[in-house]
Amino acid sequence: MMQKMKDNRKKKLNKKTNFTEFDMIRFVSLLTRECLFLLFASVFILLAMSAIYVDVYFMDNALYENSVTEILQETILAGIAGLFFWCATKRPEIRGGLILIGGFYLCMLIRELDGIFDMIRHGSWLWFALTTTIVCIALSVLIPASTVTGLTDFIQHRSWLMTATGLIIIFIFSRIFGMNQLWEHLMPDGYNREVKNLAEEATELLGYSVCFLSSVLYLGETREKFTALRKSWT
């Protein structure tokens, strides 16, 4: 009995390791695609974080709301929300889930633009964010099947871990890293708020960049022509 089990296990192993020429082509194609995405992600992060140097060295800016870094953060959020909403019009099978995800990022964008909304009334960004939330939830409730399917597919995709990492950087790490008490303790003889702003905004920009890359990865790999390839390797 034990020998038979060993033989069966060996056959399964040989079956998995016995690559055909077609399997090798698929593997090389997959490896090439992953390397290209790594290169794209590296270049994107490099270019995004260079906004910090533009503000500090060339704009002499303390990273306030009109800084290049802030504008880039808002642009990235607008790009993410736009991508999800645009894909929602093209993919009815997961439309509800994409609408909710896009609405979430749109609310984050509205929060980042609080300075503009304050010109209407202080704190009015909250009402715009609530309105966006209600509209997106209402639209997703009308198509419950695509909402559940879309959200399930999103959290099961490998890009979800990148998204979660980006959100943790934005909502947790940047807040802790940018606490006034921390920087006041580090600079007891001359607290410089600009340094604190630099640390907080830089980590937020990193988080937004990671979320953008994860969104591109998810929406790119869930296109119809990539779905079959993805399933064949799982």
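What follows are my entries on this predicted model.

**Overall fold**

I started with the secondary structure. I get 11 helices and 0 strands for the protein chain, and reading along the sequence gives me α-α-α-α-α-α-α-α-α-α-α. I then checked burial: of the 234 residues, 36% count as buried. I also looked at how far the contacts reach along the sequence. Taking contacts with a separation of 6 or more, residues 24 or more positions apart account for 72% of them.

**Helix 4 against helix 7**

Next I picked a helix pair. I remind myself that two packed helices are described by the angle between their axes and the distance between the axes. How do helix 4 and helix 7 pack? I find an angle of about 65 degrees between helix 4 (residues 95-112) and helix 7 (residues 144-156), and their axes are 5 Å apart. I therefore log helix 4 as roughly perpendicular to helix 7, since 65 to 115 degrees is the range for that word.

I listed who meets whom. From helix 4 I have R95, G96, G97, L100 and I101, and they meet S146, T147, G150, L151 and F154 of helix 7. Sorted by class, that contact has 4 nonpolar, 5 polar and 1 charged residues.

**Salt bridges**

I count 8 salt bridges. I went through some of them one by one.

My first stop was E221 with R33, whose side chains meet in a salt bridge at 3.1 Å, N to O. This pair links distant parts of the chain: E221 is in helix 10 and R33 in helix 2 (residues 21-58), 188 residues apart. Are the two partners buried or exposed? I have E221 as buried, because its relative accessible area is 6% and the cut-off is under 20%. R33 is partly exposed, with 23%.

Then I went to R158 and E34, where the side chains meet in a salt bridge at 2.6 Å, N to O. R158 lies in the loop between helix 7 and helix 8 (159-177) and E34 in helix 2, so this pair ties together parts that are 124 residues apart in sequence. Both ends come out as partly exposed: I note 39% relative accessibility for R158 and 25% for E34.

I wanted to know which residues are linked in a network of salt bridges.

R175 lies in helix 8 and E204 in helix 10, so the pair ties together parts 29 residues apart in sequence. R175 counts as partly exposed at 38% relative accessibility, whereas E204 counts as buried at 4%.

**Cysteines**

How many disulfides does a search of the whole structure find? I get 0. For my own reference, a disulfide is a covalent bond between the sulfur atoms of two cysteines. I checked C136: C136 is in no disulfide, and the nearest cysteine sulfur, that of C107, is 6.7 Å away. The cut-off for a disulfide is 2.5 Å between the sulfurs. C136 is buried, with a relative accessible area of 8%. C87 counts as buried too, at 3% relative accessibility.

**Two single residues**

I looked at L198, which is found in helix 10 (residues 193-221). I have L198 as partly exposed, with a relative accessible area of 29%. C-alpha to C-alpha, L198 and T69 are 9.5 Å apart in space, while in sequence they are 129 residues apart.

N180 is partly exposed, with a relative accessible area of 29%. Which residues does N180 touch, not counting residues up to four places away in sequence? I find Y191, R193 and K196. I also noted N180 and N192, which are 12 residues apart in sequence and 10.0 Å apart in space, C-alpha to C-alpha.

Key. Residues are numbered from 1 along each chain as its sequence is written. This is a predicted model: local features need pLDDT of at least 70, side-chain atom pairs count only at pLDDT 80 or more; totals for chains, interfaces and linings use all residues. Side-chain values use heavy atoms; hydrogens and water are left out. Axes are lines fitted to C-alpha atoms, for helices over the stretch in contact, and angles run from 0 to 180 degrees between N-to-C directions. Helices (H or I, at least four residues) and strands (E, at least two) are DSSP runs, numbered from the N terminus. Angles under 35 degrees count as roughly parallel, over 145 as roughly antiparallel, 65 to 115 as roughly perpendicular and the rest as oblique. Contact means heavy atoms within 4.5 Å. Ala, Val, Leu, Ile, Met, Phe, Trp, Tyr, Cys and Pro count as nonpolar, Asp, Glu, Lys and Arg as charged, and the others, Gly among them, as polar. Buried means under 20% relative accessible area, exposed over 50%, partly exposed in between (1.4 Å probe, protein chains only). A salt bridge is a side-chain nitrogen of Lys or Arg within 4 Å of a carboxyl oxygen of Asp or Glu.
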